Amino acid sequence: MSAAPLITINGLYKEFPIHKGILDQLTIAGGRVVKKHESVKALSGVELTVWKGESLCVVGESGCGKSTLARVIMSLIKPTRGEIRYEQERIDTKGVGELLPYRKKMQMIFQNPYASLNPRMTVRQTLQEPMTLHNPELNVAEVNERVVEVTRSVGIDPSWSDRYPHEFSGGQRQRISIARALAVDPEFIVADEPISALDVSIQAQVLNLMMDAREQRALTYLFITHDLAVVEHFGSRVAVMYLGTLCELAPTKKLFSSPQHPYTQALLSAIPRLNQSSSDYIRLRGEVPTPVNLPDGCVFHGRCIHASDRCRRENPALKTYADTAVACHAIEEGRI
Amino acid sequence: MPGGVPCEVRCRHRDPQRDRSCATAPVRIQRRHSIVSLLEVKNLEVRFAMRRQELIALRDVSFKVEKGERLGIVGESGAGKSVAAFSILNLISKPGYISSGEIFFGGKDLTKLTAREMSQIRGNQISMVFQDPMMTLNPVLTIGTQMTEALHAHQDISREEAKQRAIETLARVHIPSPATRFDQYPHELSGGMRQRVVIAIALITKPPLIIADEPTTALDVTIQAEIMELMMELCESSGVGLILITHDLGVISQMTERAIVMYAGRIVEEGDTRDIINHAYHPYTHGLMDALPQKTKPGRRLNQIKGVMPALSSIPDGCAFNPRCPLVIDLCRTTLPQFTVFGSTRVACHRAAARTD
């Protein structure tokens, strides 16, 4: 890769404790009081690099930790272990004040535009707030000028900027939240399921808008989604997650033409496509285990048809083969 | 539906591929004539009486479902697809009401039934599967209670027998160890398992028709594939008719035989699912298909439909799609298009003929 790394993630773990207070932790087992400390392992050992200028898509089913990954990268929540670097600088250890210059560089677009816009702020106020916070030197006229510019760039009529979010449709609201992210001229955007809440014909509009912004502003995207058709279209690289770990990381074309990891194969075969019967998908046995008690070894072994003893004991590391990185013993041993 | 359309009309289309489908058409017409349709909706209109004005959520909606047929209804949110399904079961609550039209099921007009007669049909003759299994199941009742409830309401059956039936039905939807599941609560099951339970509840009274409103939307893709396969299998093995409401064209394509496309409260196109997917006549249907990411080369701009669907309070004159339509002509702005038949498809568009060339 010739490009420079923008975000580097090393050994990232995030656990959410279930039992918070000391009284919560005490339970009675076998006639004795026992202290129990359980946690949801949302991320377990994620290694990932986002290169400048790429659109990295993260896919996976609900509960696999993809949204947690987005939030940890944005420093909205602190990781339990591991480090995150923005260019060369570690950002996971920084405090709120120190993070401010990074907030200007990285912005987020959320899933539900009905919930992510403040209903009591007009579009203008919503867009002005990040601008004045990050560029205190701007005067009112300059800020207004920028608001007009950014609303126009997302296809919203600037004369509507004194309206409130409820006066807009879902697609328009999502355009406004994209405008809010673009308002501070970021170089990196994390989009967490930005089109899942929208209708089919509107999804195409918003996706086009995001692609236009990518071209005009040389943005780097981390795009979180469960919709694989969108990934195929939008992403330059894809990371597949399962139960808090990365199982495959590959260029989009490569991943869709020859998926390596057994889970990726099952996931791709399950997408309902036009003109294809539903019977020829790979059936996974069992269900996703709970992230409270992760299975030993490879987290996927309970549902994998290629699982061996080694898979049950040892956690596979992400290994690179040509341009694909896969975490699977069976591939490493050449069994698949 | 082209059930009553003479074959000459269907065959006037020049496309050789369609002529082939016409060759089989008379047989199909015969079949459709010989049996009374399972469900027939005629000129249904549903209105919502708001404070300032009456909104018309459904206009002139007519369709049929044959025995054992799987019909899909596609459309964006607000197109009226859920209203159509709910009105079949008379589940439209105030301020909404069915203002005109008829719904024939089992020789009766469902719109004329009393609340009591209707509740004999709901859950017994026609069952419903809703989108979110978290919301459909009662969290404080066991799976068993919720399953046998429908049986006790509609049939004179002993508790032992009801339990037996429930366990059998759970096994039919491939729930492992059904006897244990019977006594468990919804929270002890995963999302996919819960949706299986919901389907089992819908099936337990052996209804001839099931209405499924976005049954897989809340599920992950791998689970969605399992549930879709299960529903197909059940429909085929027991001859249950299915009305499947979804916004996902992929799901429609895989699960249904016939599909209806709705826009702003009206049916704009109806036909065999294959034809709708491959040869859409209505510019809206065509636009929907074209907007799918797989229709464009990766990285290129998607073919979007401009604008948004109009609100019910401001539906334009003529064809409701005219402000967004790439083929619009003056006639579209003034006159409501009537249905034209092309092969298996009927389409409400003035410019549909332009698509056949």
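Q: What makes Val50(A) a neighbour that Leu222(A) touches in this model?
A: This is a predicted model, and touching here takes C-beta atoms within 7 Å. Leu222(A) touches Val50(A), along with Leu56(A), Val58(A), Ala70(A), Ile73(A) and Val190(A), leaving aside residues up to four places away in sequence.

Q: What makes Leu222(A) stand out in the largest nonpolar core?
A: That core has 181 residues, and Leu222(A) and Tyr263(B) are the ones that touch the most other members. As for who supplies the core, helix α9 (residues 191-203) of chain B gives the largest share, eight residues.

Q: Why is helix α2 of chain A called mostly covered?
A: Six of the eight residues in α2(A), which spans residues 66-73, are buried. Being buried takes 20 or more other C-beta atoms within 10 Å, and the ones that pass are Lys66(A), Thr68(A), Leu69(A), Ala70(A), Val72(A) and Ile73(A). After the helix comes Ser75(A), with a positive phi near 60°.

Q: How do you know that β8 and β9 of chain A pair?
A: Two strands need at least two bridges to pair. β8(A) and β9(A) (residues 188-192) share four, running in the parallel sense, so they qualify. One pair of bridge partners is Met108(A) with Val190(A) in β9(A). Helix α7 (residues 170-182) of chain A packs on the sheet here, touching both β8 and β9 of chain A, and its direction makes about 170° with that of β8(A).

Q: Why are β8 and β13 of chain A called edge strands?
A: The open sheet of eight strands goes β8-β9-β10-β5-β11-β12-β14-β13 in chain A, with mixed pairing. β8 (106-109) and β13 (319-321) each have a single partner strand, so each has one side with no neighbour in the sheet. On average, neighbouring strands of this sheet are turned by 20° against each other, direction ignored.

Q: What makes β1 and β2 of chain B paired strands?
A: They have eight bridges between them and run antiparallel. Glu40(B), for one, stands opposite Lys64(B) in β2(B). Both strands belong to an open, antiparallel sheet of four, ordered β2-β1-β4-β5 in chain B. Its edges are β2 (54-65) and β5 (108-109), each with a single partner strand. Helix α3 (residues 81-88) of chain B lies across β1, β2 and β4, at about 70° to β2(B).

Q: Why is Ser62(B) called neither buried nor exposed?
A: Count the other C-beta atoms within 10 Å: Ser62(B) has 15.

Definitions and conventions. Residues are numbered from 1 along each chain as its sequence is written. Chains are lettered from A and ligands numbered from 1 in the order in which they are written. This is a predicted model: local features need pLDDT of at least 70, side-chain atom pairs count only at pLDDT 80 or more; totals for chains, interfaces and linings use all residues. Helices (H or I, at least four residues) and strands (E, at least two) are DSSP runs, numbered from the N terminus. Axes are lines fitted to C-alpha atoms, for helices over the stretch in contact, and angles run from 0 to 180 degrees between N-to-C directions. Two residues are in contact if their C-beta atoms, placed from the backbone, lie within 7 Å. A nonpolar core is a set of buried Ala, Val, Leu, Ile, Met, Phe, Trp, Tyr and Cys residues joined through C-beta atoms within 7 Å. A residue is buried if 20 or more other C-beta atoms lie within 10 Å of its own, exposed if 12 or fewer, and partly exposed in between; C-beta atoms are placed from the backbone.
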